[in-house]
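Here is a friendly walk through the chain and domain contacts of this model. Please keep the sequence and the 3D view open as you read.

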Amino acid sequence: MTVRLPADPVPSDASAARRRPALLSSRLVLGVFLVLLLVVPAILSPYYVTLLNYIGLYAMVALGLVLLTGVGGLTSFGQAAFVGLGAYTTAALTTATDLPAWLAWVGASPWLTLVAGLLITAAVAVVLGSLTLKLSGHFLPLGTIAWGISLYFLFGTMQSLGGHTGISGIPPITLFGRALDDGREIYYLIWAFLLVAMLTTHNLLDSREGRAIRALKGGRVMAEAMGVDTARARMVIFVIAALLACASGWLYAHMQRFVNPTPFGVHIGIEYLFMAVIGGAGYVWGAIVGASVITVLKQWLQDLLPQLLGSSGNFEMIVFGVLMVLVLHRAREGVWPILKKLVPVRTAPKTIDTAAEPLPRRTLPAAGERILEAKNVTRKFGGLVANDNMSLEVRAGEILALIGPNGAGKSTMFNQLSGVDTPTSGEVLFLGKPVAGHNSREIARMGMSRTFQHVKLLPTMTVLENVAIGAHLRSDKGVLSAAWRLDRAEEARILKEAARQIERVGLQDHMFDEAGSLALGQQRILEIARALCADPCLLLLDEPAAGLRFKEKAALSELLRKLRAEGMATLIVEHDMDFVMGLVDRVVVMEFGHKIAEGLPDEIQNNPAVLEAYLGGVD
Amino acid sequence: MDMSIALILGQDGITNGAIYALLALALVLVFAVTRVIFIQQGEFVAYGALTLAMMQAGTVPATVWLLVAMGVLVTVFDAGAALRAGRHRRAAAVAGWNLIYPLALAAIMAMLPVASLPLLVQVFLTLAIVVPMGPQMYRLMYQPVASAPVLILLIVSVALHIAMVGLGLLFFGAEGQRTPAFSDASFELGTLMVSGQTVWVLVVSALLIGALYQFFERTLYGKALRATAINRVGAQLMGISPALAGKLTFFLAAFIGALSGVLIAPITTIYYDTGFLIALKGFVAAIIGGLASYPIAALGALLVGLLESFSSFWASAYKEVIVFTLIIPVLLWRSLNTGHVEEEE
Amino acid sequence: MTQTPQTNAGANNPVLEIKDLCVSYGKVEALTNASLTVGEGQIVTVIGPNGAGKTTMLSAIMGVLGSKGRVAFDGTLEVVPEVERMVARGMNLVPEKRELFGEMSVEDNLVLGAFQRYRMGKRDHKQTLEEVYALFPRLKERRDQAAGTMSGGERQMLAVGRALMAKPKLLMLDEPSLGLAPLIVREIFRIIAELRRRGVSILLVEQNARAALQVADYAYVLETGQIAMEGPAHELADDPRVIEAYLGFGGKHQAMLST
């Protein structure tokens with residue numbers, strides 16, 4: 001049975017307004033687009049068909065950049081080199097006459113050289129990726145310029161690749177015995193490739209791996225804490241983008257039947273990035289829009305400007321460059337979001353399959369069992385002792401509060417407990433095993449789940465998707481399953497679990513809203529739902545009540561009590577005494593890095609050292 | 001290869017390396033203060049060299065008209081806003097620097113027999129034309145998107161690079177230019193002949209680096225730029241506006257670029273699009289310094305210069321490949337030293 | 001809590017007057033219709049729990065954040081507050097995170113505090129520097145040390161000293177006692193009182209409610225982005241609701257301290 005949950009049972013004014021205009025069905029719009037693509041070669045002149053062929057080829061490369069740059073936040077100027085790798089592989093193999101026997105069979109068909117090109121590209125991408133992807137921000141784009149230039153000069157100087165004159169006489173692609181040697185014929189192949197690439201990219205982004213990829217930009221720390229291997233996710237999109245570029249190069253070589261180094265230089269690589277950014281780097285359709293805008297604009301400027309201004313200068317470059325800057329001044333997100341507003345397409349909310357099999361759960365430790373233990377933890381930063389000989393423990397079925405004035409070292413202690421930081425001396429044991437030496441992912445897998453003091457969520461993703469990231473480690477379908485939709489059964493189970501946790505924390509009315517549109521207090525609650533979605537045995541909550549209104553605090557207390565009754569161990573770092581004292585079982589008080597008191601809430605409230613710590617100051 | 005060839009190659013390498021070092025310093029500075037990756041640095045090099053060449057050919061350098069055009073735009077935006085806010089003195093100052101100054105410069109160019117002026121006056125005029133384009137460019141192109149992500153700033157740089165190359169072709173034509181040397185003197189150092197121009201390049205580079213050091217260590221404006229690079233919010237709270245810091249930084253970068261162009265024009269033939277590759281080598285050096293360390297970037301620049309001149313002797317076809325693959329071991333070393341996951345903006 | 005119908009009557013001569021100030025982060029409103037007045041020579045404090053919008057309010061007044069509403073400073077209405085202009089007109093903010101220039105020396109940090117004055121041609125920073133050193137002898141001892149290597153208390157003193165280099169009319173302090181030992185907190189509050197004596201008006205945002213209410217003339221309580229209460233500081237210090245929420249304990253909700 002499939003139940004479509006209403007996005008908002010009582011439509012608020014804003015969401016009602018969102019639905020009011022007569023929206024077009026997305027299938028209808030897509031259908032019209034596909035029919036247009038199908039009939040275009042029959043009605044347009046060869047000139048325009050060629051233009052569309054180029055748009056298709058460029059869009060495929062730009063699509064890789066949407067995934068890599070727009071979604072994943074990794075910038076590459078070197079995609080043209082991957083296009084060249086695809087084009088030169090097939091050109092060299094299909095035209096060579098003196099290949100050794102073990103290799104010669106590959107050159108027999110372009111389809112075999114496509115496979116060869118993809119394999120070579122993947123290998124090169126893995127090597128380049130392992131060199132550069134670990135680096136922060138700006139090294140990658142600069143590194144990609146370097147390899148783009150190097151490969152370009154290599155194509156131009158290697159005599160076996162024809163030097164600057166290039167390789168000619170490349171055979172056409174044959175499909176079902178028919179040689180695609182005409183622009184109109186290869187048109188269908190190019191656009192079929194592009195549409196398949198768009199479909200698989202779209203599928204990928206809407207999956208477990210896709211959520212991990214979408215978390216790369218601005219959510220890496222959070223994603224790691226939820227068990228996502230972000231380094232691997234970066235490599236995945238880097239290789240996919242390279243493979244899309246390679247396929248584009250293969251098609252290009254067999255369309256032109258000739259290759260030389262010019263179209264694979266770093267300037268063209270820059271242009272691909274332009275296409276993605278101008279089209280809308282965050283959107284799959286931005287690739288087509290960007291490729292179209294730039295290709296048509298350049299063609300148009302090249303035809304028009306010399307008539308207006310004479311042919312003494314490269315006017316199209318000047319106008320093109322300035323236009324690009326102006327577009328970015330006006331629309332940082334690119335053109336696609338603007339187009340999207342013009343064609344109001346209805347977006348169907350995700351469906352939750354309530355009949356999906358629940359995800360496997362871990363067996364919670366018996367109540368009273370020691371879950372987390374800090375033994376004499378000391379953490380020094382230079383001369384500053386942030387944590388001094390701190391010891392505490394958390395047991396199954398209990399809530400422990402760690403309190404203290406601002407700057408007392410609670411956040412540092414939290415980092416030691418969650419394995420983000422390693423103590424200078426002392427140790428932290430989780431389920432009897434030391435936390436030190438394990439990364440966030442391994443700790444998450446062991447059953448510790450956390451929230452963040454400064455909320456870390458992906459503001460443009462829905463609440464449901466944000467929470468679903470929490471279930472990353474409870475599922476295992478990979479990139480290929482996602483691309484070809486073999487992951488739907490598991491995806492349904494993940495979404496059902498996410499929906500269950502959202503209802504549990506009381507955010508069901510906002511399930512399909514963008515996480516960024518929630519109030520701060522609700523965002524904190526969302527983080528708890530995400531942590532619960534990981535099915536932990538220990539919850540670490542960093543200031544969960546900050547910014548919450550009275551009723552929200554009461555609801556949060558209620559939830560935490562419920563979890564305690566189920567056997568969950570919880571550690572709360574908190575300022576809000578009202579919230580803490582009525583809820584927790586035991587309290588540890590910190591000041592200036594060390595523990596000044598520990599005990600039941602009643603005892604703590606009357607402890608003179610605690611009072612002094614909080615009231616210190618002028619007297 | 002014998003010793004004398006090695007010495008000549010070494011001399012070439014160090015001369016080019018000094019220029020790359022200047023460019024690398026400017027790139028590091030611009031990135032640290034504004035987060036802009038200054039791809040157009042190379043165009044400032046070419047504009048500097050070719051503006052000087054045009055003057056020497058006796059024509060009014062076309063770049064002065066670009067200065068006038070950009071000045072008009074800045075005046076329209078800034079003086080207009082200042083007038084609306086009732087700040088007349090500010091409006092007058094904006095118009096003075098952005099309207100009167102370029103027009104006065106154009107008038108001087110048209111009236112004076114620039115081709116027969118002494119070389120140093122020509123160099124001064126060249127800088128007077130090209131350098132103000134830096135702050136103007138920051139004002140017009142970057143200030144409206146100053147808070148945008150690095151990617152958007154990078155794309156703006158690339159777009160401006162493309163536009164400036166296009167303008168370069170329009171202004172200077174497709175012909176390459178080489179200007180006469182600053183001095184015909186040459187010195188004998190053992191078996192090595194050191195050309196006067198090499199000495200000029202090295203001395204001016206050293207003086208400029210020294211002057212920049214003094215500027216950043218001793219003056220309040222220099223400290224303000226450092227402060228902005230260290231802590232943008234803190235600097236803003238002191239009244240050091242990002243716009244001011246940006247314009248000042250671009251002024252320095254344009255100055256370094258144009259001066260580099262003037263210095264190498266007698267050594268290398270400069271075309272309208274030569275700048276890109278020169279600036280990229282500055283980038284390689286800047287990357288070696290991690291876009292943060294000035295001394296390491298300067299050393300990296302010398303390394304790039306030497307590698308380039310020696311590889312042009314041994315494997316000239318692969319010269320560029322060798323220089324740019326130098327980045328790979330550097331990146332490798334850096335990636336091995338980056339362990340943990342960090343959040344990027 | 002309800003809005004108390006009261007105004008800052010001591011402020012006949014307001015240095016800062018804000019009215020209906022609103023700030024949103026995207027669709028989330030962080031500050032709603034906040035109004036407040038600081039009179040000349042007054043210390044006005046804003047207390048409230050973490051996440052109530054105190055820092056947001058200071059950032060909006062300073063022009064670091066965009067806002068809607070009226071901000072009048074020193075008799076002039078600022079339609080859109082702009083940081084450099086506010087600094088030039090004599091408003092300075094010591095932010096919660098201090099925002100020092102860690103790799104630069106103590107003296108360079110201080111001198112940069114006078115940047116805006118220097119730029120406007122008032123080049124008296126050497127003399128101001130001596131005044132600041134007189135107020136914080138510790139900073140003079142450490143003048144050549146890098147700011148980033150100092151202790152928390154020294155850093156706070158440096159942050160305050162740097163702001164004083166601009167000779168402000170209004171000094172805004174965001175949580176100056178944050179993370180400091182009681183002895184140093186006491187020192188900071190002594191300096192705040194001393195500054196008022198010298199004629200600097202002060203807007204003090206504090207989580208240490210007791211200390212803040214003792215030193216201030218007038219106080220506002222900010223909760224979830226709204227001014228929940230206001231009144232003369234000594235009255236608020238005796239108000240049972242404030243005592244329960246921020247100062248005292250033993251109320252019927254077992255409330256101790258909310259900050």
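Asp20(C) sits in strand S1 (residues 14-25) of chain C, where strands are DSSP runs of E with at least two residues, helices are runs of H or I with at least four, and both are numbered from the N terminus. The model is predicted, so local features need pLDDT of at least 70 and side-chain atom pairs count only at pLDDT 80 or more, while totals for chains, interfaces and linings use all residues. Residues are numbered from 1 along each chain as its sequence is written, chains are lettered from A and ligands numbered from 1 in the order in which they are written, and side-chain values use heavy atoms, with hydrogens and water left out.

Although Asp20(C) is not a glycine, its phi is positive, at about 50 degrees. Most residues other than glycine have a negative phi. Asp20(C) is partly exposed, with a relative accessible area of 37%; that class lies between buried (under 20%) and exposed (over 50%), using a 1.4 Å probe and protein chains only. Leu431(A) also has a positive phi, near 50 degrees. Leu431(A) belongs to the loop between strand S8 (425-430) and strand S9 (433-434) of chain A, and its relative accessibility of 33% makes it partly exposed.

Now to the interfaces. Buried area is the accessible area (1.4 Å probe) that two parts lose on being put together, summed over both.

| Pair | Buried area | Share on carbon and sulfur atoms |
|---|---|---|
| Chain B and chain A | about 4500 Å² | 79% |
| Chain B and chain C | about 2100 Å² | 69% |
| Domain 1 and domain 2 of chain C | about 1200 Å² | 78% |

Between chain B and chain A, 49 residues of chain B and 53 residues of chain A are in contact, meaning heavy atoms within 4.5 Å. This interface has zero salt bridges, a salt bridge being a side-chain nitrogen of Lys or Arg within 4 Å of a carboxyl oxygen of Asp or Glu. The rule finds two residue pairs in polar contact there, both at pLDDT 80 or more. A polar contact is a pair of N or O atoms within 3.5 Å; within protein, one must be able to donate a hydrogen and the other to accept it, and residues adjacent in sequence count only if both atoms are side-chain atoms.

Which residues join chain B and chain C in a salt bridge? The side chains of Lys223(B) and Asp108(C) do, at 2.8 Å from N to O, and the count for this interface is one salt bridge. Four residue pairs are in polar contact across it, both residues at pLDDT 80 or more. On the chain B side, helix H9 (220-230), helix H10 (232-237) and helix H11 (242-264) each give two or more residues. H9(B) gives the most, with seven residues.

Within chain C, the assignment gives domain 1 (14-90 + 168-247) and domain 2 (103-167); such bounds come from an automatic or database domain assignment. The contact takes 17 residues from domain 1 of chain C and 13 residues from domain 2 of chain C. The C-alpha centres of these domains lie 23 Å apart. Zero salt bridges are counted between domain 1 of chain C and domain 2 of chain C.
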